[in-house]
Amino acid sequence: MDTRRAFLAAGAGTLAVLAGCTSGPNGGGDGSGGGDGSDGTTAGTPTPEAAETLATHPAARDLDAQPRLGPPVDEAAGVVVAFEDPSCTLCRRFEENTLPDLRSNLVDTGDAAFVYRGYPVIYPWGKPASQALESTFAADADAFWALKDHYFAEQGTFTTDNVLEETEAFLASETSVDAAAVVDDARNERHDAAVQADIEAAQAAGAGSQTPIFYLFRDGEFQTRVSGPQGYDVFAAAMGF
């Protein structure tokens, strides 16, 4: 049995569980892992979700309007739809340890597309940061990816009070966008419709209160949902690479 078949036999169309950040009772994150704390997949009964496609799965709503790395989703063999919170420490672990391998092995080669969607449910500063990400994406896609990387790289330095000020300083020094205008858009939530579209897609897809969470597709068909900062091999196997 090859790797992908073994993976799907273990949990086709079901949740692959690894601890993720979870939001607290008041909407603040606990910064700890949720789930069952295991380090693998959990077998379960296939659900109707397994029969869904990029055209029907709620996680893939308005996918063409989202920040994307790699080929268009309708041209990619594999598609990763990621829901992340800039304030989530385990999202940072995924960004540091798994995303580089996904990019070099699958995205940069044109085999898979990586789509980022904001899901600010952990610490409070993730909400204004998500507003800033959408405002930046509306201005310039390259600046969006730079700001996203900056949030995760410097995660421990941000608070609700300073995140927009620090965002403006970063955009002004490291990108070509009008930093003051972008942050004014974020402060006034002028791109809130895009923020809410991501949140509604995550909730409709059953993301719950945990990040990061990923929805994986192969040849347009939904394969499985992965929770937590799983390693590259889990993503590759689930998409048949």
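In this predicted model, G206 is in contact with Y215 and R225 once its neighbours within four places in sequence are left aside. The glycine G206 lies in the loop between α8 (192–204) and β7 (210–211), and, because its relative accessibility is 43%, G206 counts as partly exposed. A further relation across the chain is that between G206 and A59, which are 147 residues apart in sequence and 8.9 Å apart in space, taken from C-alpha to C-alpha.

Y215, one of the contacts of G206, also takes part in the aromatic pairing of the structure, for which the count comes to 14 aromatic pairs. A pair of aromatic rings is described by the distance of the centres and the angle of the planes. In the pair formed by F83 and Y215, the rings are 5.8 Å apart centre to centre, with 85 degrees between the planes, and the arrangement is edge-to-face. This pair links distant parts of the chain, since F83 belongs to strand β5 (residues 78–84) and Y215 to strand β8 (residues 213–218), 132 residues apart. Both F83 and Y215 are buried. F217 and F222 form an aromatic pair that is likewise edge-to-face, at 5.6 Å centre to centre and with 70 degrees between the planes. F217 counts as buried because its relative accessibility is 0%, and F222, with a relative accessible area of 3%, is buried. Together with Y119, the residues F83, Y215, F217 and F222 form one aromatic cluster.

The largest nonpolar core has 39 residues, and those with the most contacts inside it are F114, Y151, F214, L216 and F235. Apart from this core lies another, of 29 residues, among them C21, L63, A76 and F222. When residues up to four places away in sequence are not counted, L216 touches V79, V80, E221, F222, Q223, T224, V226, F235, A238 and M239.

Y151 is also part of helix α5, in which A143, F144, W145, L147, K148, H150, Y151 and F152 are buried. Helix α5 (residues 141–153) has 13 residues and reaches 19 Å from its first C-alpha to its last, which is close to the 18 Å expected at 1.5 Å a residue. The N-terminal end of α5 is capped by D140, of which a side-chain oxygen lies 3.2 Å from the backbone nitrogen of D142.

As regards cysteines, the structure holds 0 disulfides; a disulfide is a covalent bond between the sulfur atoms of two cysteines. C88 is buried, with a relative accessible area of 0%, and C91, at 0% relative accessibility, counts as buried.

Technical notes
Residues are numbered from 1 along each chain as its sequence is written. This is a predicted model: local features need pLDDT of at least 70, side-chain atom pairs count only at pLDDT 80 or more; totals for chains, interfaces and linings use all residues. Side-chain values use heavy atoms; hydrogens and water are left out. Helices (H or I, at least four residues) and strands (E, at least two) are DSSP runs, numbered from the N terminus. The expected span of a helix is 1.5 Å times one less than its number of residues. Buried means under 20% relative accessible area, exposed over 50%, partly exposed in between (1.4 Å probe, protein chains only). A polar contact is a pair of N or O atoms within 3.5 Å; within protein, one must be able to donate a hydrogen and the other to accept it, and residues adjacent in sequence count only if both atoms are side-chain atoms. A nonpolar core is a set of buried Ala, Val, Leu, Ile, Met, Phe, Trp, Tyr and Cys residues joined through side-chain atoms within 4.5 Å. Contact means heavy atoms within 4.5 Å. A disulfide is a pair of cysteine sulfur atoms within 2.5 Å. Rings of Phe, Tyr and Trp (its six-membered ring) pair if their centres lie within 6.5 Å; planes under 30 degrees apart count as stacked, over 60 as edge-to-face and the rest as tilted.
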